[in-house]
Structures are given as C-alpha cells and as structure tokens.
Amino acid sequence: MARTRSSSSIFRYCNPGYYLKRPKRLALLFIAFVCVSFIVWDRQTLVREHEVEVAKLREDLTQLQNFLEELKTGEGNVINKVQKDVPDDPIELQRREKVKDAMLHAWNSYVKYAWGQDELQPQSKMGINSFGGLGATLIDALDTLYIMGLHEQFQKGREWVANSLDFNKNYEASVFETTIRVVGGLLSAYDLSGDKVFLEKAKDIADRLLPAWDSPSGIPFNIINLAEGRPHNPGWTGGESILADSGTEQLEFIALSQRTGDPKYQQKAENVITQLSKIFPDDGLLPIYIDPHRGTTAYSTITFGAMGDSFYEYLLKVWIQGNKTEAVKRYREMWEKSMKGLLSLVRRTTPSSFAYICEKNGDSLTDKMDELACFAPGMLALGSSGYGPDEAQKILSLAEELAWTCYNFYQSTPTKLAGENYFFHAGQDMNVGTSWNILRPETVESLFYLWRLTGNKTYQEWGWNIFQAFEKNSRIESGYVGLKDVNSGVKDNMMQSFFLAETLKYLYLLFSPPSVISLDEWVFNTEAHPIKIVPRLNGENLGNTDEKERPKIKLRSRKEGHLRG
C-alpha cells in the first residue's frame, strides 16, 4: 500500500527552522529568489522603456504630421523647421554658424558705414554708389539674410526697399548687372517671403530696362538710362552687344511675367534666344560680341569666362525653371550642343593633369581660364542628370575634374585665395595671371552643386578651406575686402555686393541640409538668387503664380567687380 505525505510534512518547508538546519537548501532558496527578482525587475524595466519609446515615436509622428500639413498649406517657417527637424552633423552645424557670423559681420559693417548705398569700402569706412545708388548690397543680401533666418536684418532691409528705394535716377545702368542683382534679388525676396512690395519694385525697375530690347534684331543694348531710357552699348565694344549681357535676363524676366501675368517681359527676353538660335553653330559656341542691329556675331573670343559664361548657364537653367517640360525643350537642346563645344575646349596640364577650359579665337586656342569659368563644374553637374546613364557619368566626371582644378586655383597661392585668371604651360601646370581676388563665388558655387548632387563630403572640406582663407585674409574690423595680389596678400578697399549674395550664401548652403532651398523646387540665377520653379506647360503660363505654389518660407556670368584701392 502506497504511503501518502501528511499535510504537516508539506508545511515544514515553510518553517524557517527547517532551512537553518540545512544550509545548502537555504543557499539554493536564496539563489532562486535572486533569479526570480532579477527576471521580474528586468521585465518591468523593458516594459517601461518600451512605453517611453512608443510615446516618443507617437510624438515624432505627431510632429511629422503637423510639419507635412504645414507644407501642404504653405504655412510655417519651413526653412527653420527643416533645419530644426533634420538631424544635424555637429561639424556642419558649427561651420554653418561660422558662415552666418561672417554674414552678420559683413551686413552690420554695411549698415554702419554704407547704409542705402551700393557697396561698402571697408578700409575707408564709407559707401560708394557703383550701380547708380540702387542699394545693390542691400538688395543682393536680402535672400541670404532670409535663408539664414536673420529676420530682423531682413525686415530692416525690407523697410528701406519699401520707403527709400527709388529707380528714377539719371544713371547709365548696365542692363545685365541691374537685372541679375536688382530684379533677381527682389524676385527672390518675393518668392521667399510673399511680400508684394518686392514684386512691385521688381516690376518698376524691369519696366525701366525694357527699352534696351528695342533694337532692330531684338538683341538688347547693354546700357540704359534709368530715368530717360536711351539704350546704347559701351564704346569699348565697338557698338556690339555682349553675349552674356544679352543672354542672361531670361530667368528673371520669365519669372516676372509668371508672377505679374504680363507677358511682355518674357517675350522680350525669349526673343533673344529665338534670334540667337538662328545663328547657333553646330558646336554651340558663340563669340562674345553680337551685332544688335543685324543679330549676327562679330569676330571675337569664345569663352566660358568673362562676357560669355552665363549665357550657357541660362540655357540650362531656363530649362530647369520651366520644370523641364516640352515648352523649354529647345533650351536644353541648345545647351547640350554648347556642352559638346565645351568638351572640344578641354585640355589637361602636365605634369599633374589638371583639366581646364581653353578660350578660342578663330581656329586657335589660348591656354587661359578665368576663375569666373569655375561656375562650369557646377553647371555640368546640374545638367548631367538630363543625359542617359553613360553620358551623364562622363559629364559628371568632367565636372569633378574641373572642380579639382578650380580648388587648386586657391591652393596654389600663398594666401590660399584664387587669382582672377590662370595660364597653363607645358610642364608647369598652372600660373596665376591677373593676381587679384575680389571675393568671387564661382568655385564655392560649384562645390555646393557637387556636394548636393553627389553627397561627397570632400567638397564640403574644400569649401571650408576656402572660407577659412577668406576669414584669414579678407576679414577686417569693418567688413570684408578683396586682395590686390593673392601672392603678397595686400588688401583692396571693396566689399563686393556678390560676396553677400553668392559667396556666403553658397558656403552656408554647403553646410545645410539639402532640403534647405531644394534644387527640386528652386533655381538660382547667376547672382545666386533662388527663384521658384514654375512649370510651363504650354510655353506661356503667364498667369499669377498660385499662392499654393509659392512656398511660405518663414523660417554669375560676368560680374563686373570693382577693384579700388
């Protein structure tokens, strides 16, 4: 007969005395207690951590939903919110803040010593009206201030534009310079802020420029009196119009027609391309002088530097501005022809094999390249995506080669700042020609595009090195100055307006998230003023820009440059 345990024998395990007489069982019981306690504690910890993570994810989801809703409605400080919400690389953030500090130093110096005038002479601490007293630096700086979130400074500039900007001046203005700086700057400020005072002022100055297109051929004269009209060309061109000056108004005037609903601006500017297409050669390369009476070319230099450059840039950018639709297809076709011509001008140095773009006179090539032509790597990178895969890679590779050359324009001098142009001789790589530096932006412009389009951080490092060279050599107590000689470091007495419009803006964007002024939504004019992309479905699309299409962002070509001692 089987034995059964009595209840008393079971309860003995609950008696502490039982374990005191049996130390091994006491130890096992203690270990079991610790293990169970650890398991329970760990599980509770995991549950709490999970609850925290879920709460955080719900919060992030709510913020993202709110942000997307703001994007849909066009409300909210989009630039600042993008910069806040996108995780920042701490080095990029630090560098961006350094560039912003440089912008504030340049702006505050202008405000203190040259307010309302065109440009600041930092060493003499006075202003100078290089462009007829149109407030060139102020207007050039507006969108840079806005993008950097410097809204107090932007508002101060806005009040001057509204209350003091007057175009009724007896001044012989460059149509080109006035368009890219003033019309472009005002349109960009309007596209960014939605403030119609900028659009009204852009229309005012554009109306004063329009008579320049009243030539027999439709090719514009390059100089006009802002108060009285009377367009003409400068005497030093022999009466000819300049290619870049005549073919670098399309972005601004098309945008102005789209935003005002008045087709006259677009018609004048696009007629120039129609006329030039009639004489467009197979290699797409035009000489820098055009006869405004007959619409024919004159024997002169072919170059991607001064007086030629931005004509080719705008062929590509009008195609982008029109959202690459059929209506702007001819611009892309002309640009691709010109790029075939550019390829024919590329040579490489010895011994280091730096790629460079020659200038051409008749059938002969000159081994010379302007720093101005350093916009070309960025242009090539920007246009590469319109080709098939193999050709796109070829164009992008050339862009990267040319950018390396332009970066070495800087690295090859004692000051690490580039001269105005370079010559190339067998066995000597490159030698600086004209040795001044006037704070030009073209190389950092190309570094910006290459970084945006390739993601290669090398271009950020190159840009940072160039910025540090500007800080070391060009920053003084009362602003920024150029150098009379990049070898000796002797300073000049001019803070060019494009330093605030272009150089500092491209450097700032080089260290900003790609969604800040996205290349899918904006196109930069040749003075680095971002203009909103608006599709052209039928070649016209001249009605007022839909308010929903304009972002509510609350958040080159030859530039003359003025070298004064």
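Is glutamate 159 buried, partly exposed or exposed? Select glutamate 159 in the viewer: with a relative accessible area of 33%, this residue is partly exposed. The model on screen is a predicted one.

**Stop 1**

Side chains of opposite charge can pair when their charged atoms come close.

**Stop 2: glutamate 92 and lysine 457**

Select glutamate 92 and lysine 457. Their side chains meet in a salt bridge, with 2.7 Å from N to O. Glutamate 92 belongs to helix 5 (residues 90–114), while lysine 457 sits in the loop between helix 17 (442–454) and helix 18 (458–473), so this pair ties together parts that are 365 residues apart in sequence. Glutamate 92 has 11% relative accessibility and counts as buried. Lysine 457, at 42% relative accessible area, is partly exposed.

**Stop 3: aspartate 291 and arginine 294**

Move to aspartate 291, which forms a salt bridge with arginine 294; the closest N and O atoms are 3.0 Å apart. Aspartate 291 counts as buried, at 10% relative accessibility, whereas arginine 294 counts as exposed, at 64%. Now select Asp140, Glu177, Arg181 and Glu527: salt bridges that share partners join these residues into one network.

**Stop 4: a patch on the surface**

Select Phe30, Ile31, Phe33 and Val34. Together they form a nonpolar patch on the surface, with about 440 Å² of accessible area. Click on phenylalanine 30, which lies in helix 3 (residues 23–73). Because its relative accessibility is 57%, over the 50% cut-off, phenylalanine 30 counts as exposed.

**Stop 5: helix 14**

Select residues 329–345, which make up helix 14. The helix has 17 residues and reaches 25 Å from its first C-alpha to its last, close to the 24 Å expected at 1.5 Å a residue. Colour its buried residues, among them Tyr331, Trp335, Ser338, Leu342 and Leu345. An α-helix has 3.6 residues a turn, so residues three or four places apart point the same way.

**Stop 6: serine 384**

Finish at serine 384 in helix 15 (residues 376–384). Serine 384 is buried, with a relative accessible area of 8%. What lies 2.8 Å from a polar atom of its side chain? Show alanine 381: the atom in question is the backbone oxygen of that residue. Leaving aside neighbours within four places in sequence, serine 384 is in contact with Ala392, Ile395 and Leu396.

How values were computed. Residues numbered from 1 in each chain as written. Predicted model: local features only at pLDDT ≥ 70, side-chain atom pairs only at ≥ 80, totals over all residues. Heavy atoms only, no water. Helix = DSSP H or I, 4+ residues; strand = E, 2+ residues; numbered from the N terminus. Expected span 1.5 Å × (residues − 1). Buried < 20%, exposed > 50% of the residue type's maximum accessible area, 1.4 Å probe, protein only. Patch = residues over 30% accessible without salt bridge, like charges linked within 9 Å, V, L, I, M, F, W, Y side chains within 5 Å. Areas by Shrake-Rupley, 256 points an atom, 1.4 Å probe, with all protein chains shown as cover. Salt bridge = Lys/Arg side-chain N within 4 Å of Asp/Glu carboxyl O. Polar contact = N/O pair within 3.5 Å; in protein donor to acceptor, adjacent residues only side chain to side chain. Contact = heavy atoms within 4.5 Å.
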